[in-house]
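Hi,

Here is the structure I said I would pass on to you.

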Protein chains: 2
Amino acid sequence: MKNNSDISSFISDFSTNCSKVQIKKFNKGETITTFLVNRNQFCVIISGSADLVRYDYNGNRIVTERFSKNSIFGEIFYHINTNSEFVVEAKEKSEVLLFSYDDINEKCKANCPFHEQLKSFFPNLVISKITELTSRIELLSRRTTRDKLLGYFNLLSKQHGKSFTLPFSITELANYLVVDRSSMTRELSILKKDEFIKQERNKITLLY
Amino acid sequence: MKNNSDISSFISDFSTNCSKVQIKKFNKGETITTFLVNRNQFCVIISGSADLVRYDYNGNRIVTERFSKNSIFGEIFYHINTNSEFVVEAKEKSEVLLFSYDDINEKCKANCPFHEQLKSFFPNLVISKITELTSRIELLSRRTTRDKLLGYFNLLSKQHGKSFTLPFSITELANYLVVDRSSMTRELSILKKDEFIKQERNKITLLY
DNA sequence: TATAATCTGTTGCATTTGCAACATCCTTTT
DNA sequence: AAAAGGATGTTGCAAATGCAACAGATTATA
């Protein structure tokens, strides 16, 4: 039985002579792509990780989203907006599958093995993307910084137990939860004082 | 050439003797489904519309999301959380396709016409869902109520021009943007006073 | 190793938002 | 047509958050 949730398992299988697809390697810090025009671009991380970065009017770098193995991203998922600029940057040495999405069922030629394989992986990739986005909306829908933090910690503790390391730095976490960094740190201090959590940098232990 | 973005166009085509699928009709106000346990439920609206509703601790009814023709929803997209209760309610007479999702490629029997058809619609349905969720996150990421409102109005004006009717009531819009209703009305009043918009109930005209 | 740059935590203060209460308007029901 | 229930708009006030500035810790770079 084939595992259809890890795309890296089949990358070596198919010949890369599909005309619509590229597999590229990136070093840390390199730009994987930008969201500027509509090329129906669709990307999947095969190995490594990347950040979706925006630069605000002051030139501050803001990490909006983080992608890791099997994450999908691309212009195709965005309503491109001229007054916002998105850049996807490799966070480490990474391998990325890039292709132009028209219809997953539309093949470049009669028997392209890439398209066959992608068709089998596509459903799981998109469904976990939707689940992820839904969770994020659920978090952003909370009124207070405290509720956002505890909600996010709960999600992580389901995966990793009471003690875990955040996938973000404190600064990045504030961006992810869309709250002011210093206010968030203030709230973390209160949670520590009230013995709800232990925290040091991005290491968290839940005490409840 | 087949249009793969409107699922209602093929509903009459296939025989409904697929063991995994149901097509149900609902009257206004009826409960289509709840998100309580994990049955991998996946739903598509064929006609009509529905609200994703939550009831807070005071029993207040809060519309969190709105689904219309070709919208997908279901437990499968949620990390079910015991302290939150979701109900999907028909907003009008509606037809809904419900099935248990295992793998879109897994057929109930050798040549089930439903699975063949669904496979062809699935990609467009999920991609527009992702785009929608991404836009919502983009809105919720804005710091001020004013920016959320203007951001949302911009999205709508791309589709409908400078004058449009919101798909929500004012109360529902506040829930959608996750702001306090009275604060939002206050902000709308300021936008009107400053002649950025005209507004009466859920009819908006942008003046810029 | 020294220096620079970035990240983290703290605090005071201004602004925004949420909450509550109320009046008015609109819609639905009887 | 009257009454009831719900939605909308307004406002005062309290609470939460953003902003700014700074000090100390950590990491990256020369």
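Let's start with a term you will need: a polar contact is a pair of N or O atoms within 3.5 Å, and within protein one of the two must be able to donate a hydrogen while the other accepts it. Residues adjacent in sequence count only if both atoms are side-chain atoms. Keep in mind, too, that this is a predicted model.

With that in hand, go to the place where the two protein chains meet. Four residue pairs are in polar contact across the interface of chain B and chain A, with both residues of each pair at pLDDT 80 or more. On the chain B side, α1 (113-140) and α2 (145-160) each supply at least two residues. Which helix gives the most to the side of chain B that touches chain A? That would be α1(B), with 16 residues. Sorted by class, the side of chain B that touches chain A has 19 nonpolar, nine polar and nine charged residues.

The contact takes 37 residues from chain A and 37 residues from chain B. Between them, the two chains bury about 3,300 Å², and carbon and sulfur atoms give 61% of that area. There are also two salt bridges between chain B and chain A. One to find on your screen joins R54(A) to E138(B), where the closest N and O atoms are 3.1 Å apart.

Next, stay inside chain A.

For a salt bridge in chain A, look at the side chains of E172(A) and R66(A), which come together at 3.1 Å, N to O.

Finally, turn to DNA strand D. There are 21 residues around DNA strand D, and T145(A), D180(A), T171(B), R186(B) and S189(B) come nearest. Of the atoms of DNA strand D that come within 4 Å of the protein, sugar and phosphate account for 56%.

- A polar backbone atom of T145(A) is 2.7 Å from a phosphate oxygen of DNA strand D.
- An N or O atom in the side chain of S189(B) is 2.4 Å from a phosphate oxygen of DNA strand D.
- A polar side-chain atom of R181(B) is 2.9 Å from a base nitrogen of DNA strand D.

Which helices supply the surface near DNA strand D with at least two residues each? They are α4 (181-193) of chain A, plus α3 (170-177) and α4 (181-193) of chain B. Of these, α4(B) gives the most, with five residues. By class, the surface near DNA strand D has three nonpolar, 10 polar and eight charged residues.

Happy browsing!

Notes:
Residues numbered from 1 in each chain as written. Chains lettered and ligands numbered in written order. Predicted model: local features only at pLDDT ≥ 70, side-chain atom pairs only at ≥ 80, totals over all residues. Heavy atoms only, no water. Near = heavy atom within 4 Å. Helix = DSSP H or I, 4+ residues; strand = E, 2+ residues; numbered from the N terminus. Nonpolar A, V, L, I, M, F, W, Y, C, P; charged D, E, K, R; others polar. Salt bridge = Lys/Arg side-chain N within 4 Å of Asp/Glu carboxyl O. Contact = heavy atoms within 4.5 Å. Buried area = accessible area lost by both parts, 1.4 Å probe.
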